[in-house]
Amino acid sequence: MGDLISIHPSELKFPFELRRQSSCSMQLTNKTEKYVAFKVKTTNPKKYCVRPNSGIVLPGSSCNVTVTMQAQKEAPPEPCRDKFLVQSVVTPDGTTSKDITPEMFNKEDGRVVNEFKMRVIYIPANPPSPVPEGSEEGTPPRASSQENGNQNFEEVSRSLEYTKEKSSEAWSAISKLTDEKSSALQQNQRLRQELEQIRKDISKSRAGGFSLMFVMLVGLLGVLVGYFVKRG
């Protein structure tokens, strides 16, 4: 892996699923007592996003790099032809990520640049379930399916009983509310009838009072008329 940094893992394994992003990471560890700059390149930059794609690893420390594969609309060919290249070079003490330039990784000036190539491997996002222990080809597994079936049946039965109990309680509550509503309607009807009867009685009493007073006024007028006639 070179004399400057160690890289783990040595391969980039992406859980692959159509139309889904996928990520994996690698750890760069500085094996020296000097500042080391690194840069990550790929043969397919439109397909992958590397963060950070360059940086400084301090003496004896590590740096994590995350590689994200963009969502793919179709399955890639097997084996995958994409490759990654990790370059590393010694830099002066105190160098920061802002000081990194592409010229640092040129070999033309006699500069020692370590390089490590990494291949890409796709693995299923949902791998198939492993064969149960103790089972052999052509023989059933040790786990008893009958026991699992009985357990599931008991759980379903308990669930049904609980549902029936709650349903019975709900119907009882609905029936009680219906009876209370019917009783309230009947009581309301009786009150309306009594109110209507009271209104009729009041109307009759008013009508009777008016007729009696009218008779009395007519009689009084008759007496007065008779009195004035006699005097005349």
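Salt bridges are the topic of this tour, and a search of the whole structure finds four of them, a salt bridge being a side-chain nitrogen of Lys or Arg within 4 Å of a carboxyl oxygen of Asp or Glu. The model is predicted, so local features need pLDDT of at least 70 and side-chain atom pairs count only at pLDDT 80 or more, while totals for chains, interfaces and linings use all residues. Residues are numbered from 1 along each chain as its sequence is written, and side-chain values use heavy atoms, with hydrogens and water left out.

Select Arg119 and Glu11 to begin, whose side chains form a salt bridge with an N to O distance of 2.7 Å. Because Arg119 belongs to strand β9 (residues 114–124) and Glu11 to the loop between β1 (5–8) and β2 (12–16), the pair ties together parts 108 residues apart in sequence; strands here are DSSP runs (E, at least two residues), numbered from the N terminus. Arg119 is partly exposed, at 46% relative accessible area, and Glu11 is also partly exposed, at 21%, where partly exposed lies between buried (under 20% relative accessible area) and exposed (over 50%), using a 1.4 Å probe and protein chains only.

Next, select Lys47 and Asp82, which form a salt bridge whose closest N and O atoms are 3.1 Å apart. This pair links distant parts of the chain, 35 residues apart, with Lys47 in the loop between β4 (35–42) and β5 (48–51) and Asp82 in the loop between β7 (62–69) and β8 (83–91). Both Lys47 and Asp82 are buried.

Then select Glu115 and Lys107, where the side chains meet in a salt bridge at 3.4 Å, N to O. Glu115 is partly exposed, with a relative accessible area of 37%, and Lys107 is partly exposed at 48%.

Key:
Helix = DSSP H or I, 4+ residues; strand = E, 2+ residues; numbered from the N terminus.
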